[in-house]
Amino acid sequence: MKQIAVIGSGTMGNGIAHVFAQNGFKVNLVDISQTALDKALTTIAKNLDRQVKKEAITEQVKRDTLNNISTFTQMKAGVETVDLVVEAATENPEIKLNIFKELDEYCKADAILASNTSSISITKIASVTKRAEKVIGMHFMNPVPVMKLVEVINGYLTSKETTNCIISLCDKLHKTAVPANDYPGFVANRILMPMINEAILSLQNGVAGVNEIDQIMKLGMAHPMGPLQLADFIGLDVCLYIMRVLQDGLGDDKYAPAPLLVNMVTAGHMGAKSGHGFYDWSNGMKDLVVSAQFNK
């Protein structure tokens with residue numbers, strides 16, 4: 001497996017492309033927008049510069065990494081020769097299913113098709129292809145160049161050969177692959193999202209404030225980031241979507257999203273990407289303060 005395609009050049013897509021390219025793979029980064037692709041390359045270059053500054057890599061590694069990435073705005077041209085596709089498009093079932101229909105048509109018969117989805121059923125995604133045994137989940141964690149875990153999700157028909165291939169590949173990326181089966185939320189989000197939702201309910205019910213909730217979880221549970229800050233970082237709209245997947249898929253009201261979360265997303269407060277969430281992100285990570293709506 002030498003040539004990879006990554007579909008989507010956003011936060012996760014450019015991180016996945018970065019990691020593959022830095023480890024010697026030729027990467028075709030595919031997006032419908034050349035502007036988005038150019039922005040992704042700029043982001044990758046900045047992240048590589050940070051690694052150079054920390055003496056984690058050399059300037060030559062940076063150059064080689066960037067040279068390993070080619071950009072495409074046409075799906076067919078970007079995927080027709082690759083051995084593996086990792087889809088990292090928007091977490092929207094309709095969009096992902098349409099992408100996998102195209103990938104099944106354009107890719108080589110022996111190519112593996114992987115999705116970076118954090119919640120959508122791999123079995124459902126595989127059902128729109130004629131190669132269900134070669135469809136698998138590769139759920140990378142954000143930020144991809146830093147986080148070691150890849151949650152490898154087996155669909156109902158994913159073959160053992162495909163699973164073993166992806167686990168071996170993760171080792172070449174210096175990542176730790178941990179397999180899970182195809183149930184709502186898989187493992188990571190089935191455990192993480194209810195915790196975040198409970199933190200939002202605690203805030204909503206006046207148990208404690210934003211800083212207090214995050215401080216208790218950081219200092220008492222050794223979490224590197226509090227659940228409300230993490231929710232902002234993930235995106236409150238993504239948190240809401242995953243909670244609804246859990247509630248629908250598991251049929252249990254304990255997974256019902258907090259009304260405060262619903263209201264914030266409806267109001268357009270999505271967290272870091274919108275500039276407003278539980279924290280004020282207008283200055284990025286600098287001068288991070290509790291959002292004005294919680295300081296009233």
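## The main core

The largest nonpolar core here holds 34 residues, and the ones with the most contacts inside it are Ile16, Phe20, Leu84, Val86, Met138, Phe140 and Ile166. A nonpolar core is a set of buried Ala, Val, Leu, Ile, Met, Phe, Trp, Tyr and Cys residues joined through side-chain atoms within 4.5 Å. Buried means under 20% relative accessible area, exposed means over 50%, and partly exposed is in between (1.4 Å probe, protein chains only). Helix α1 (residues 11–22) gives this core its largest share, 6 residues. Helices (H or I, at least four residues) and strands (E, at least two) are DSSP runs, numbered from the N terminus.

Before going on: this is a predicted model, where local features need pLDDT of at least 70, side-chain atom pairs count only at pLDDT 80 or more, and totals for chains, interfaces and linings use all residues. Residues are numbered from 1 along each chain as its sequence is written, and side-chain values use heavy atoms, with hydrogens and water left out.

Take Val86 as a way in. Leaving out residues up to four places away in sequence, Val86 touches Ala5, Val6, Ile7, Ile16, Phe20, Ala114, Met138 and Phe140; contact means heavy atoms within 4.5 Å.

Gln229 sits in helix α10 and is buried, with a relative accessible area of 9%.

## Two crossing helices

How do you describe a pair of packed helices? By the angle between their axes and the distance between the axes. For helix α10 (residues 227–234) and helix α11 (residues 236–250), the axes come within 6 Å and cross at roughly 100 degrees. The axes are lines fitted to C-alpha atoms, for helices over the stretch in contact, and angles run from 0 to 180 degrees between N-to-C directions. So α10 and α11 are roughly perpendicular to each other (65 to 115 degrees; under 35 is roughly parallel, over 145 roughly antiparallel, and the rest oblique).

Where they meet, α10 brings Ala231, Asp232 and Ile234, while α11 brings Leu236, Val238 and Cys239.

## Aromatic pairs

How many aromatic pairs are there? The count comes to 2, where rings of Phe, Tyr and Trp (its six-membered ring) pair if their centres lie within 6.5 Å, and planes under 30 degrees apart count as stacked, over 60 as edge-to-face and the rest as tilted. Phe20 and Phe25 make an edge-to-face pair, 5.4 Å centre to centre with 85 degrees between the planes. Both Phe20 and Phe25 are buried.

Phe278 and Phe294 are stacked instead, at 5.5 Å centre to centre and 25 degrees between the planes. This pair links distant parts of the chain, 16 residues apart: Phe278 is in the loop between α12 (259–266) and β9 (279–280), and Phe294 is in the segment after β10 (289–290). Phe278 is buried at 0% relative accessibility, whereas Phe294, at 22%, is partly exposed.

Look in the loop between β6 (135–140) and β7 (149–154) for Pro143. The peptide bond from Asn142 to Pro143 is cis, with omega near 0 degrees.

His174 has a positive phi, near 60 degrees, in a residue other than glycine. His174 lies in the loop between α7 (160–172) and β8 (176–181) and is exposed, at 55% relative accessibility. Ala222 also has a positive phi near 60 degrees; this residue is in the loop between α9 (210–221) and α10, and is exposed with a relative accessible area of 66%.
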